[in-house]
Amino acid sequence: MTTTTEQQNAINVAAIQVEVAHLKLAVAELRTANAELDRKVDLVLAQLAEARGGWRTLMLIGGAAGSLGSGITWLISHLKG
């Protein structure tokens with residue numbers, strides 16, 4: 001009976017070792033994927049930092065044009081009215 005228990009323990013240990021090996025591989029793949037995502041996020045942040053001034057200018061022009069258009073519309077509606 002002792003040999004059967006020892007054999008079962010050896011099988012259990014081997015199964016756990018295989019699972020650990022698979023988990024190590026999965027963790028390595030996740031680290032690689034995370035490194036790639038970090039690299040891509042850094043590229044996006046760099047692009048946003050470069051475009052920040054351009055976006056501000058476009059928003060200023062759009063806001064001014066919207067205000068001017070609404071002012072002209074208000075003026076025309078009150079002059080006709």
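## L45 and its setting

L45 lies in helix α1, and in this predicted model the residue is partly exposed, with a relative accessible area of 49%.

The spacing along the chain can be followed from L45 to R31: the two residues are 14 positions apart in sequence, and their C-alpha atoms are 21 Å apart in space.

## A nonpolar surface patch

L45 also belongs to a nonpolar patch on the surface, which is formed by V41, V44, L45 and L48 and has about 350 Å² of accessible area together. V41, one of these residues, is placed in helix α1, which runs over residues 2-80. With a relative accessibility of 45%, V41 counts as partly exposed, and L45 is likewise partly exposed at 49%.

## The salt bridge of E36 and R39

Side chains of opposite charge can pair when their charged atoms come close. In this chain the count comes to 1 salt bridge, and a salt bridge joins the side chains of E36 and R39, with an N to O distance of 2.6 Å.

E36 counts as partly exposed at 33% relative accessibility, and R39 counts as partly exposed at 44%. Looking from E36 towards T4, which is 32 residues away along the chain, one finds the C-alpha atoms of the two residues separated by 48 Å.

## The chain as a whole

The secondary structure of the chain comes to 1 helix and 0 strands. The radius of gyration is 33 Å, well over the 12 Å that the globule rule gives for 81 residues, so the chain is more spread out than a compact globule. Taken along the principal axes, the box that the C-alpha atoms fill is roughly 105 × 30 × 10 Å.

Buried residues make up 0% of the 81 residues in the chain, a class that requires under 20% relative accessible area. The accessible surface of the chain comes to about 7,400 Å², and 68% of this surface belongs to carbon and sulfur atoms.

Methods. Residues are numbered from 1 along each chain as its sequence is written. This is a predicted model: local features need pLDDT of at least 70, side-chain atom pairs count only at pLDDT 80 or more; totals for chains, interfaces and linings use all residues. Side-chain values use heavy atoms; hydrogens and water are left out. Patches are made of residues with over 30% relative accessible area and no salt bridge: like charges are joined within 9 Å, nonpolar side chains (Val, Leu, Ile, Met, Phe, Trp, Tyr) within 5 Å. Accessible areas come from the Shrake-Rupley method with a 1.4 Å probe; for residues, only the protein chains shown count as cover. A salt bridge is a side-chain nitrogen of Lys or Arg within 4 Å of a carboxyl oxygen of Asp or Glu. Helices (H or I, at least four residues) and strands (E, at least two) are DSSP runs, numbered from the N terminus. Buried means under 20% relative accessible area, exposed over 50%, partly exposed in between (1.4 Å probe, protein chains only). The radius of gyration is taken over C-alpha atoms; the globule rule is 2.2 Å times the number of residues to the power 0.38.
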